[in-house]
Amino acid sequence: MLHPIESSATAARRPAAQADVDDNPWHTSAACRSDEAGLFFAPSKEPTAARLAREEQAKRVCARCPVLLECREHALAQPEPYGVWGGLTAAERRVVLTRRRRRESEIRVPARIAG
């Protein structure tokens with residue numbers, strides 16, 4: 001069975017070699033395994049107040065998760081476009097990715113000028 005926050009599309013994108021090597025994938029230890037997947041993904045046309053409350057509840061689950069960082073990095077590497085992963089919403093992950101790209105480009109530009 002898939003991890004509640006791992007879609008079948010996400011599982012299909014995972015390299016076969018990783019699936020074979022990884023006898024105990026990170027998500028088997030995830031705190032969200034016992035929670036309803038709907039807590040981490042928005043229903044269609046969810047009112048803003050309900051969405052914010054649901055996301056805060058999901059983040060509380062994430063805060064006690066032993067694999068929070070692995071989950072977050074997975075969501076950033078994929079990148080996962082929906083849901084709460086690693087304690088971050090999709091919008092928060094977009095901000096993190098934008099900052100990472102900006103930081104990486106700032107590091108590369110001086111290297112090209114000096115090099």
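Colleague: Is T89 buried or exposed?
Modeller: T89 counts as buried, at 9% relative accessibility. The cut-off for that word is under 20% relative accessible area. Please keep in mind that this is a predicted model.

Colleague: Where is T89 in the chain?
Modeller: T89 is placed in the loop between α4 and α5.

Colleague: And which residues does T89 touch?
Modeller: Leaving aside residues up to four places away in sequence, T89 touches E55, K59, G83 and V84.

Colleague: Let us step back. How many helices and strands are there in the protein chain?
Modeller: The protein chain has five helices and zero strands. Read from the N terminus on, its elements run α-α-α-α-α.

Colleague: What share of the residues is buried?
Modeller: Of the 115 residues in the protein chain, 32% are buried.

Colleague: What about contacts between residues 24 or more positions apart?
Modeller: Among the contacts in the protein chain with a separation of 6 or more, residues 24 or more positions apart account for 52%.

Colleague: Changing topic: how many aromatic pairs does a search of the whole structure find?
Modeller: The search finds one aromatic pair. Its members are F41 and W85, in an edge-to-face arrangement, with 6.5 Å from centre to centre and 85 degrees between the planes.

Colleague: Why does the pair tie together parts that are 44 residues apart in sequence?
Modeller: F41 lies in the loop between α2 (16-21) and α3 (48-63), while W85 lies in the loop between α4 (68-77) and α5 (90-114), so the pair links parts that are 44 residues apart in sequence.

Colleague: Is W85 buried or exposed?
Modeller: W85 is buried, with a relative accessible area of 1%. F41, by contrast, is partly exposed, with a relative accessible area of 27%.

Colleague: What is the lining like by class?
Modeller: The lining of the largest pocket has seven nonpolar, two polar and four charged residues.

Colleague: How does T89 relate to this?
Modeller: T89 touches E55 and G83, among others, and E55 and G83 are among the lining residues closest to the centre of the largest pocket.

Conventions: Residues are numbered from 1 along each chain as its sequence is written. This is a predicted model: local features need pLDDT of at least 70, side-chain atom pairs count only at pLDDT 80 or more; totals for chains, interfaces and linings use all residues. Side-chain values use heavy atoms; hydrogens and water are left out. Rings of Phe, Tyr and Trp (its six-membered ring) pair if their centres lie within 6.5 Å; planes under 30 degrees apart count as stacked, over 60 as edge-to-face and the rest as tilted. Helices (H or I, at least four residues) and strands (E, at least two) are DSSP runs, numbered from the N terminus. Buried means under 20% relative accessible area, exposed over 50%, partly exposed in between (1.4 Å probe, protein chains only). Contact means heavy atoms within 4.5 Å. On a 1 Å grid over the protein atoms alone, a cavity is a set of points where a 1.4 Å probe fits but cannot get out, and a pocket is an open set with protein on both sides within 12 Å along at least five of seven lines; lining residues have an atom within 4 Å of a point. Ala, Val, Leu, Ile, Met, Phe, Trp, Tyr, Cys and Pro count as nonpolar, Asp, Glu, Lys and Arg as charged, and the others, Gly among them, as polar.
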